[in-house]
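Colleague: Hi! Could you walk me through this one while I have it open?
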Amino acid sequence: MVQDIITDIESETGNDCQKIDSILNEQVLQISGEDLRQVVEMLKQKHEFHHLSAITAQILENDSDYVELLYHFWKGFGFTLLLRLKKENPVIDSIIDHIPGSDFYEREVAEMYGVKFNFRDGIPPLLLPDDWVDGPPMLTEKKA
Amino acid sequence: MEKITIPIGPQHPLLKEPLSLLIDIMGEKVTGGTLRLGYVHRGIEKLAQSRNYIQNVPLIERVCGICSQVHTTTYCYAVEKLLGIEIPARAQYIRALMCELERIHSHLLWLGILCKHIGLDTIFMHTWHDREMVLDIMEELSGGRVAHAANKIGGVRFDLDEDHGPMVISIINKLQGQIGKLRDMVMHEPTIKARTEGVAPLSQDDIRKFCVVGPVARASGVDVDFRRDDPLPPYDQLDFSVVTHTAGDAWARTIVRVEEIEVSMKLCAQILQDIPDGPIEVRASRRVPAGQVVVRAEAPRGEVVYYLRSDGSDSPARLKIRTPSLTALSILPKQLSEIQVADIPVVVAGVDLCIACADR
Amino acid sequence: MRNIFKKLKIFTAIIDAFRNEPETIAYPREPLVLPKGHRGNILMLNPEQCSGCGLCVRDCPANALELIKDTRTKFRLDYYPARCAYCGQCVESCRNQAISHANNLADPTSNPDGSVIVLKDTLEKENEKDS
Amino acid sequence: MFIQLLFYGFVFPGLIFQILCAWVFEWLDRKLIARFQRRVGPRWFQPLADWIKLISKENILPKGSNELVLTILPILSFGAVLTAGMYVPVAGFNFFSFEGDLIVILFLLSIPTLAYYLAGIASIGIYSFLGGSRSILQFFSYEVPLLLALSGPAILAGSWSIQNIITSQLSKGPFIIFQPLGFILAVVGLIGKLKRDPLDIPKAKSEVVAGALTEYTGIRLAFWHLAMNVQAVLGIFLLINLYLSWSPMDIPLLSTLAFIIKFLGLVVMLSVISSVFSRLRIDQLADIGWRILVPLALLQLLVVIFMGF
């Protein structure tokens, strides 16, 4: 099953797609950031991954130059896409037209981690106050 | 006719929790709306990173004021998975019992709120009286009405003694009679049906697109229930049915939830019958080995997702919580069009919002 | 006909409710009966059991407990009821069963002893002996 | 003579009697609804306590609202219902009867609804505006069937004086026997007039907060509440006089007792109705009002007219 997805992704994008065993109970595939829209469209059309459970953003302690994005899909079993973005200027394509339910997830990631989503400029803040100036809260070093 | 924008929230009698809805109306017709969250954003995800795993259990319990048990159950399960331990079967059953009781009380609460918003305070008070019986069970068992503090990493905090089983069974039997009456009241009262039928229907396609979960999805005919499809133990050993409906409107959501209450009551009886003897906890280390885990569970409102990453210390490196209310909120602006002003309460109450959950 | 009877269910429900005693109580005038296991204020029933290990302080999610430690046997354990979330983690963490919950309706603002309750104090006694 | 008029105006059937009745009605209503909902309910002095609390509260109006209009409106509606109260016979006591007083009372009792509408327009809040416009929409739905229904007893008695209608009933029997439909329609109309559940559309809490009274506080709100409750009491008195005015023996004490029992019975009826139905939508109300209630009222009127011959 996962092997099919890997071959499909590689034939679709022409880039490498790695299987990573980072999450205990899920299949994780690492793709590059530019391919996201293509991959999501393909997954939706060909493999019927409709349900996006969540988008997790995080910064790894040992490799803090990157913002890691995890797209958790579900179709009877969990399946995760992993992307790595440069922390200085994290930009990623929005998938809101393929999966409209990703709207709030993307906005949350954008506010909390400062990730920019293409095609989604000028969206009002969802969780933070309108006059928030301190930058993305999850990137600050302040102790909670 | 002039277009007016009415603000519903952050403070409004319709909302029990702060949420800002800006609704455009023309006369009595609603043409659209936008929403804004964040009034109860407590930064729990960030806060969790600076506390140890044990301190996080009471913190996670406060993500939601209604479905607190399922949040700690999911969190504890995630930590136990990373620790590589499996809790005793008795503890699993006690957790499931609390989850099911919580589902009953959450759905009863929802039913009461819906009836209150459409001006039927009698059924509101009667359902909340019945809900109080469930809360009494939970308080008797765990010591708290909504903040149960029943779970700990490696098991549960309390054991069922020989009096508890019959006490729960007798209250559940009494409740079953009450719910039967309530069901008749709700199903056959003409004005409830007149107010909810055909209001803001969602098709299966909408549900799929917006990744909506829980009773709202099941009312539209999407047969998804994480108790069955991706079960945490002991749900894989329990026998229950998943309630679905096809209409997708507020009336279908009412029916689905009322029937789920009955399924949950049967599940409670089943759990109390099947519960094995044995210990209720295993020793868990304070330090959690490095690793990542994703756990999904079925809360009363739908799927909760916990992503947990540990770096080997005694506090989590990243804890991501996705609550079902977030998906319900994302489809709310779509539902708030082509309805009447008087339908706003039905729509907003109908998707069963928990703003504290969505804000975290 | 049966359908009409079902439609009248709400009438029978309100008549039943009217005939029976109300389920609520007039609270300040009538006493509240709490279930057995209700978690109220934190108490130290067996102060001699407390060894001052500080496990409760480390696990408290609300920083409601404070341990001022001088030596191994000289310490003071303070409890701030207004910060307490009544989660029972300290009771759970304590290995000697020194801390427990009172079965009362916790009301942190009406505490006559002020905002701090001293659960165990061996500091002052020692100091008194010294002076 | 002057003392007597003062007594009529301020004690019975004027100010004090009506306010007392209003508080008794409010307490009974709240207590009954509480008991239907398995609650304990308020103690007997609660309406008075609430009123005193309200008049002692700070009196705030939002900036930009028309203070003069918003102050006059509650006084106007309170005055209108008190005036109407002078002409409504209570337990056979009637001091200012004249031919056509029924029409005057109905006119006076519709003033609070119009004042409510104006309060909604004069406040600057958006909920007040919505509540006010809803109240006028509702007014058009219930007022026509109510007037048609209430003209039934007048036609049957051949007079527009309430006293004559009462005396006519003493010989013929209570009019509820001849026009049960008219009585039901009058009750529905009264519920609409009082904005009670299930027709509390103008002040539906979950939709428009408190309707036109959202921006009101303090003593102005207290007078609004009092006006509403006195209006409710007068409506019930009117129903008793027009439909139920009959007692087996012509003893004053007994007829007073019968009047009190009828009053309590109607209060129970209103409380039951308000606790078993959910609120209707405004389009549903307009639908029911014009498609069902008005034809039924016309039918009742036809029956009454044929009975008269």
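Predicted model: local features only at pLDDT ≥ 70, side-chain atom pairs only at ≥ 80, totals over all residues.

Colleague: Good. Which chains share the most contacts?
Modeller: That would be chains A and B, out of the four pairs of chains in contact. Their contact takes 31 residues from chain A and 32 residues from chain B.

Colleague: OK, what about chain C against chain B?
Modeller: There, 19 residues of chain C are in contact with 24 residues of chain B. On the chain C side, the elements giving two or more residues are α1 (2-7), α2 (9-19) and α4 (89-93). Of these, α2(C) has the largest share, at four residues.

Colleague: What classes of residue are on that side of chain C?
Modeller: The side of chain C that touches chain B has eight charged, seven nonpolar and four polar residues.

Colleague: How far apart are the closest C-alpha atoms of chain A and chain C?
Modeller: They lie 13 Å apart, and no contact joins chain A and chain C. Chain A and chain D do not touch either, with their nearest C-alpha atoms 24 Å apart.

Colleague: What share of chain C counts as buried?
Modeller: Of the 131 residues of chain C, 21% count as buried. As for contacts in chain C between residues at least 6 apart in sequence, 72% join residues at least 24 apart.

Colleague: Switching to chain B: is helix α5 (residues 121-142) enclosed or open?
Modeller: Largely enclosed by the rest of the structure, because 17 of the 22 residues of α5(B) are buried. Its length also checks out: at 1.5 Å a residue α5(B) should span 32 Å, and the end C-alpha atoms are 30 Å apart, which agrees.

Colleague: Which residue follows α5(B)?
Modeller: B:Gly143 does, and its phi is positive, near 105°.

Colleague: Now chain D. At what angle do α8 and α10 of chain D pack?
Modeller: Helix α8 (residues 180-194) and helix α10 (residues 218-243) of chain D pack at about 170°, with axes 10 Å apart. So α8(D) and α10(D) are roughly antiparallel.

Colleague: Which residues meet there?
Modeller: From α8(D), they include D:Phe183, D:Val187 and D:Leu190; from α10(D), they include D:Met228, D:Gly235 and D:Leu239. The residues of this contact divide into nine nonpolar, two polar and one charged.

Colleague: Last topic: which residues touch the most other members of the largest nonpolar core?
Modeller: D:Val81 and D:Leu239, in a core of 275 residues. The largest share of this core, 17 residues, comes from α10(D).

Colleague: And what does D:Val81 touch?
Modeller: Leaving out residues up to four places away in sequence, D:Val81 touches D:Leu108, D:Leu109, D:Pro112, D:Ala227, D:Val230, D:Gln231 and D:Leu234.

Methods. Residues numbered from 1 in each chain as written. Chains lettered and ligands numbered in written order. Contact = placed C-beta atoms within 7 Å. Nonpolar A, V, L, I, M, F, W, Y, C, P; charged D, E, K, R; others polar. Buried ≥ 20, exposed ≤ 12 C-beta atoms within 10 Å, placed from the backbone. Axes fitted to C-alpha atoms, helices over the stretch in contact; angles between N-to-C directions. Parallel < 35°, antiparallel > 145°, perpendicular 65-115°, else oblique. Expected span 1.5 Å × (residues − 1). Core = buried A, V, L, I, M, F, W, Y, C linked by C-beta atoms within 7 Å.
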